[in-house]
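Subject: Handover of a structure

Dear colleague,

Please find the structure below, together with an account of what was found in it. I would be grateful if you could read the two side by side.

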Amino acid sequence: MNGCYNTLKYTGLLSNLLYMLLGIAVMSGAGLGLQVAEPNTPEHTYFVKSLVLGGTICMIVMFGCYGMVCNLLCVNLIFTLFILIALAAEYLQLHHYHSPVHRRPGGALQQLELAWHGLDRDPEVMHQYEASEHCCGYSGADDYRRLHLLVPPSCYQAAANDTAQQIYPIGCLETLSHSQRYIQQRDKLFMWAIVGLEIFILLQTAALSVLLFKLRQQQRLARRQVPPGVRREPRSNHVTASRTHLLNEA
């Protein structure tokens, strides 16, 4: 039982280390997002929640590691409760998840619409957007032809020889939709990874608490079985020590 307990203990410490690294990654991403997010917007609130989540994860991990290293049953039980609370909160966050990219005011979609509708006044804004996103027009190169405009150089792909240049096959709206779907899937995958790791740590901590409780029971039974006044260590017995002393003198 001691071997199983030690295996679970050190595996739990490694799992908590990975859990803390994920919490630090959440805090780092939220800190970078707060630098570019506008205050009092859903995007700003989203990053603030992520920052709080990452800090909470780090504090929970330090508390749990303390209980594992010191073999404290009560601390392990409280750590299990904390993991359950964090798991419930993150499940609700996943269930009601909405990417801030889709709902923030003044987002990329609104900027694209303003750039396209203002093409006659300031075409450079749209051309810069096309060059950075590798796209052409609002929904394709035919948008320029419908407006009786020449397809700008920003719509052409860079090639090794200048004579083989080709127009980007998709419009900027489709490119933006692909980018938003990728961001949403990446965020969900990262959050599910945290939830899966929390479930694994929860099972580990529960098993560790059960084994620690059984080990404590075995120690109590061993103490009760030893008659009072008898030492448990043979090397401390005065008869054995006297016999060893006489043999050395002989």
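C135 and C172 form a disulfide, with 2.0 Å between their sulfur atoms; the term is applied to a pair of cysteine sulfur atoms within 2.5 Å. This pair links distant parts of the chain, since C135 is in the loop between helix 6 and helix 7 (142–146) and C172 is in helix 8, 37 residues apart. The torsion about the S-S bond of C135 and C172 is about 85°, so this disulfide is right-handed. C135 is buried, at a relative accessible area of 0%, and C172 is buried as well, at 1%. Here buried means under 20% relative accessible area, exposed means over 50%, and partly exposed lies in between, with a 1.4 Å probe and protein chains only.

Please note that this is a predicted model: local features need pLDDT of at least 70 and side-chain atom pairs count only at pLDDT 80 or more, whereas totals for chains, interfaces and linings use all residues. Residues are numbered from 1 along each chain as its sequence is written, and side-chain values use heavy atoms, with hydrogens and water left out.

A search of the whole structure finds two disulfides. The other pair is C136 and C155, whose sulfur atoms lie 2.1 Å apart. The torsion about the S-S bond of C136 and C155 is about 90°, so that disulfide is right-handed. C136 lies in the loop between helix 6 and helix 7 and C155 in the loop between helix 7 and helix 8, so the pair ties together parts that are 19 residues apart in sequence. Both C136 and C155 are buried. With the bonded cysteines numbered in sequence order, the pairing is 1-4, 2-3. A further cysteine, C70, counts as partly exposed, at 38% relative accessibility.

As to the overall fold, the protein has nine helices and zero strands. These elements are DSSP runs numbered from the N terminus, with helices (H or I) of at least four residues and strands (E) of at least two. Along the sequence the pattern reads α-α-α-α-α-α-α-α-α. Of the 250 residues in the protein, 33% are buried. Among contacts between residues at least 6 apart in sequence, 67% join residues at least 24 apart, a contact being heavy atoms within 4.5 Å.

Two packed helices are described by the angle between their axes and the distance between the axes. The axes are lines fitted to C-alpha atoms, for helices over the stretch in contact, and the angles run from 0 to 180 degrees between N-to-C directions.

Helix 6 (residues 123–133) packs against helix 8 (residues 172–225) at an angle of about 50°, with the axes 11 Å apart. That makes helix 6 oblique to helix 8; angles under 35 degrees count as roughly parallel, over 145 as roughly antiparallel, 65 to 115 as roughly perpendicular and the rest as oblique. From helix 6, M126, Y129, E130 and E133 meet C172, T175 and L176 of helix 8. By class, this contact of helix 6 with helix 8 has four nonpolar, one polar and two charged residues. Ala, Val, Leu, Ile, Met, Phe, Trp, Tyr, Cys and Pro count as nonpolar, Asp, Glu, Lys and Arg as charged, and the others, Gly among them, as polar.

Helix 5 (residues 108–117) and helix 8 pack at about 175°, with their axes 11 Å apart, and are therefore roughly antiparallel to each other. In this contact A108, L109 and L112 of helix 5 meet C172, L173 and L176 of helix 8. The residues of the contact of helix 5 with helix 8 are six nonpolar, no polar and no charged.

Helix 1 (residues 2–36) packs with helix 8 at an angle of about 150°, the axes being 9 Å apart. Helix 1 and helix 8 are therefore roughly antiparallel, and their crossing is left-handed. The contact of helix 1 with helix 8 divides into 18 nonpolar, six polar and two charged residues.

Finally, F190 is found in helix 8 and counts as partly exposed, at 32% relative accessibility. Leaving aside residues up to four places away in sequence, F190 touches L22, A25 and V26. The C-alpha atoms of F190 and L22 are separated by 8.9 Å, although the two residues are 168 apart along the chain.

Yours sincerely

Notes. A crossing is left-handed if the near helix is turned anticlockwise from the far one by less than a right angle, and right-handed if clockwise.
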